[in-house]
Amino acid sequence: VLARLKPIWFKPSGSKPQPQLSAIRTFPRLRLAMARLFNLMVLLVAYAGGAVAAHIGAEDQHLGVGEVSVGKGNGVPFMTYNMLAPQYKQRTRICHKQDANDYEHPDVRWPKIQGYLQSAATAKAVIALQEVDKVWLSKLAVFFENEKVKYRWEALPRGEDDTSVLMAWPDEIYEKDGDASSSNSATVLKDLLKGETQGVDIQVEQDFAEVTHFGNAVLLVRLKPRLFAAKPFLVATCHMPSCTKDNYEEKQRVQAIHTYLALRFLENERQKTDDFAVFMGDFNFRPHSAPYRVLQGARLPFPSLLQLKTYMPEVRRPMQSAYWGCLRQEPKYTTYKHQPVTNDYIWMSKGTTAKACLQLPNLPGSKMPNAQEGSDHLPVVVMLEAPTEGKNQVHVPQPMTRENPGTDDIAGNFRALAHEWSTQASMPQQGFAKKGVSTKSTAHNTDPSTN
């Protein structure tokens, strides 16, 4: 229309005829009308697109998962879950009542915990568990044997079962490549310092003393999918101790040291093989706190952390929260003992994609354990995929708000999600695929030496 508007000619007094501006510039009202028409068209297009997106979001939301579009590619499910040890000394009073109807009694709690484990086994997930004492370990051994799941259990040298961790994987899909390795922040720091703390700032000395007294045990396993062309990957877990300091800043500094030493250990192992890595567990710190940012690669100016970096190479491979990568936010809470907070995470190395996750409720109910939950923690579940030659389409889900609080039926949603994953991806297809190489399954032998 604008191109067809002819210029207007006029002949001012005492001059030759000259072309004047177009009608749009000659008549301001016409120009304003055309601008308003254009803006209206943009708004109509945006509104139509939003309506379509909202309809798609409503279609996806009914399963109660953050990402329901899980391709038949090379996704690997992961679950981390703090089981709440019955023998935990601070919970002995509430966990050893003889009333069988008590929500906190181990015999009442176990069927609920087993339900989550069953869903993880159905999904063929790699499982990380925390607070696995000998009571839980005896039950887990029977369950894993029936489900053909291999596992490795690790306890702190001082023998406190509440910080014991366990890693498990389906034997028909993965085999343990080499021996499992572990690291303890207390032992590592003692070896680095070698008893020499003279000349160190008093604040740094106190932070180091706290770390060496309450060590953080990290268990790491290298898993190799039983495929011809599948890429192995590293998976680690920990139950980071809560700092005993009352001062919040002191807690942040101590947990930042625990986190940095764990990340340094994981990076050392990755340098040997250049594998993808997953780090999951109960970290006992909140989103966007100092230790959270350390895992993301932030360089914090804590004197104790700066002093630590003089003893070892600096970490150069940060990680990303898988739940954040999937939903663009962390869960509103993953544990509810005194107050609802988020302490449990699944971290992934750079280049790994969080394709799906189990959506957790936005609004907390009663304190846990309760009628629905067998632990004071919720399971964190994600489907991860390593990069391949082809680009995988990932739909950004609808964010959780008070108007969209998620769902309280976590167990039911987990079962639906496990069924979805188990039917979409055939077992020989699971794993991190190598670029440009086809995935063909081969015969395999069960390693009898694996626990």
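**Exercise 1. Which residues is Leu129 in contact with, leaving aside its neighbours within four places in sequence?**

Before starting, note that this is a predicted model, where local features need pLDDT of at least 70, side-chain atom pairs count only at pLDDT 80 or more, and totals for chains, interfaces and linings use all residues. Residues are numbered from 1 along each chain as its sequence is written, and side-chain values use heavy atoms, with hydrogens and water left out.

Step 1. Contact means heavy atoms within 4.5 Å.

Step 2. With that rule, the partners of Leu129 are Met79, Tyr81, Met83, Leu117, Leu140, Phe144, Ser164, Val165 and Leu166.

**Exercise 2. Trace the open sheet of six strands.**

Step 1. Helices (H or I, at least four residues) and strands (E, at least two) are DSSP runs, numbered from the N terminus. Two strands pair if DSSP finds at least two bridges between them.

Step 2. Read the order as S5-S6-S4-S3-S18-S17, with mixed pairing. At the edges, S5 (149-154) and S17 (353-357) each pair on one side only.

Step 3. Now look inside the sheet: S3 (residues 75-82) and S18 (residues 380-385) run antiparallel and are joined by six bridges. Pro77 stands opposite Met383 in S18.

**Exercise 3. Is Arg264 buried or exposed, and what does its side chain reach?**

Step 1. Find Arg264 in helix H8 (residues 248-273).

Step 2. Arg264 counts as buried because its relative accessible area is 5%.

Step 3. Its side chain reaches the backbone oxygen of Glu314 at 3.2 Å. Arg264 and Glu314 are 50 residues apart in sequence, yet 7.8 Å apart in space, C-alpha to C-alpha.

Step 4. Leaving aside neighbours within four places in sequence, Arg264 is in contact with Gln271, Met312, Pro313, Glu314 and Val315.

Conventions:
Buried means under 20% relative accessible area, exposed over 50%, partly exposed in between (1.4 Å probe, protein chains only). A polar contact is a pair of N or O atoms within 3.5 Å; within protein, one must be able to donate a hydrogen and the other to accept it, and residues adjacent in sequence count only if both atoms are side-chain atoms.
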